[in-house]
Amino acid sequence: MPSFTVNVKWGKESFKNVEINTDEEPMLFKAQLFALTGVQPDRQKVLCKGISLKDEEWNMPIKNGATLLLLGTKEEVPQEPVEKPKFIEDMNENEIATAFDTPAGLVNLGNTCYMNATLQCLRSVRELREALKDYKEDMGGAGGLAGLASPQAITMSMKNLFEDMERRNDSITPVLFLQRLHIAFPNFSQTGENGTYRQQDANECWSELLKMLQQKLPAQKLSAEQGVKHSSFIDQWFGGTFDVEMKCTEAEDEPASKSKENFLQLSCFISTEVKYMHSGLRLRLKEQLTKMSPSLGRDAVYSKT
């Protein structure tokens, strides 16, 4: 029974039916107590039958309906500042630009927020900005529509857009990049009955752009200590490697096979039980599949971790 409720007594206050999940780390439970009491997790001492709860493991026996004792005090409320703060809503554009070192904005051209959000995320990676600055256009590429739809055209267009965003701190209209995107991926240019662009998926846009950059940006040279060889810049800075173990669930004596798999993104499994991102990521690291078993001589169910 990993998920149940407990009662928490804190000084003169009591909190009933506080949800607790022993499949998660105790720090997440302490974060719930912080939301209820305002006591920071590092100032909390949670007791049950004289045992103090650790941050990294459930080192105490807790049953449904148990009463836990919370010790700890809130931090003092900060004093009111002598000089009253000026809120963003009260600032003009020049004051905002001076107060914040924020990147240039991208104008929404009609349901293009998926593209703008993807570009802003990519631009936040310093190494990618530097690699694009070093990128030189290949003059021997294809011409016409084929050339405009090529990885070279997308990479060059992103390079130019990021350079414009670096020079300015107001909003930029990414018309040229949107045109290149529509030519390379016509599904993003679909329109509705009223002629406006349809909503699109940001994750799909992210994946397609990474594939384009993967073909044009070479891996950077690193020091000898880091000396892992990569086929491209994207594999180097955006990728990772899984250690994979495959075990037949129908043949205990069959040895597990081990291998490595490269990936460019982690999948997050969403279900009614998943409340935290790391829980969803962890669930996607285990799956079952059917494949030929050499020991059984037939298809069997395998657990892939």
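## A helix pair

The axes of H4 and H6 come within 9 Å and cross at roughly 115 degrees. Axes are lines fitted to C-alpha atoms, for helices over the stretch in contact, with angles from 0 to 180 degrees between N-to-C directions. H4 and H6 are therefore roughly perpendicular (65 to 115 degrees). From H4, the contact (heavy atoms within 4.5 Å) uses Leu132, Lys133 and Asp134. H6 brings Thr155, Met158, Lys159, Phe162 and Glu166.

This is a predicted model: local features need pLDDT of at least 70, side-chain atom pairs count only at pLDDT 80 or more, and totals for chains, interfaces and linings use all residues. Residues are numbered from 1 along each chain as its sequence is written, and side-chain values use heavy atoms, without hydrogens and water.

A nonpolar core joins buried (under 20% relative accessible area, 1.4 Å probe, protein chains only) Ala, Val, Leu, Ile, Met, Phe, Trp, Tyr and Cys residues through side-chain atoms within 4.5 Å. The largest has 32 residues, and Leu119, Met158 and Leu209 have the most contacts inside it. H3, H4, H6, H7, H8 and H9 each supply at least two of its residues. H6 gives the most, with 6.

Beyond its neighbours within four places in sequence, Met158 touches Leu119, Leu122, Leu132, Phe177, Leu209 and Leu213. A second, separate core has 19 residues, including Val6, Val8, Val18 and Ile62.

## The listed domain

UniProt, in an unreviewed entry, lists residues 4-57 as "domain: Ubiquitin-like"; such annotations may be inferred rather than shown by experiment. This span is 22% helix and 41% strand, counted as DSSP runs (helices H or I, at least four residues; strands E, at least two). Its end C-alpha atoms lie 17 Å apart.

Definitions and conventions. Buried < 20%, exposed > 50% of the residue type's maximum accessible area, 1.4 Å probe, protein only. Parallel < 35°, antiparallel > 145°, perpendicular 65-115°, else oblique.
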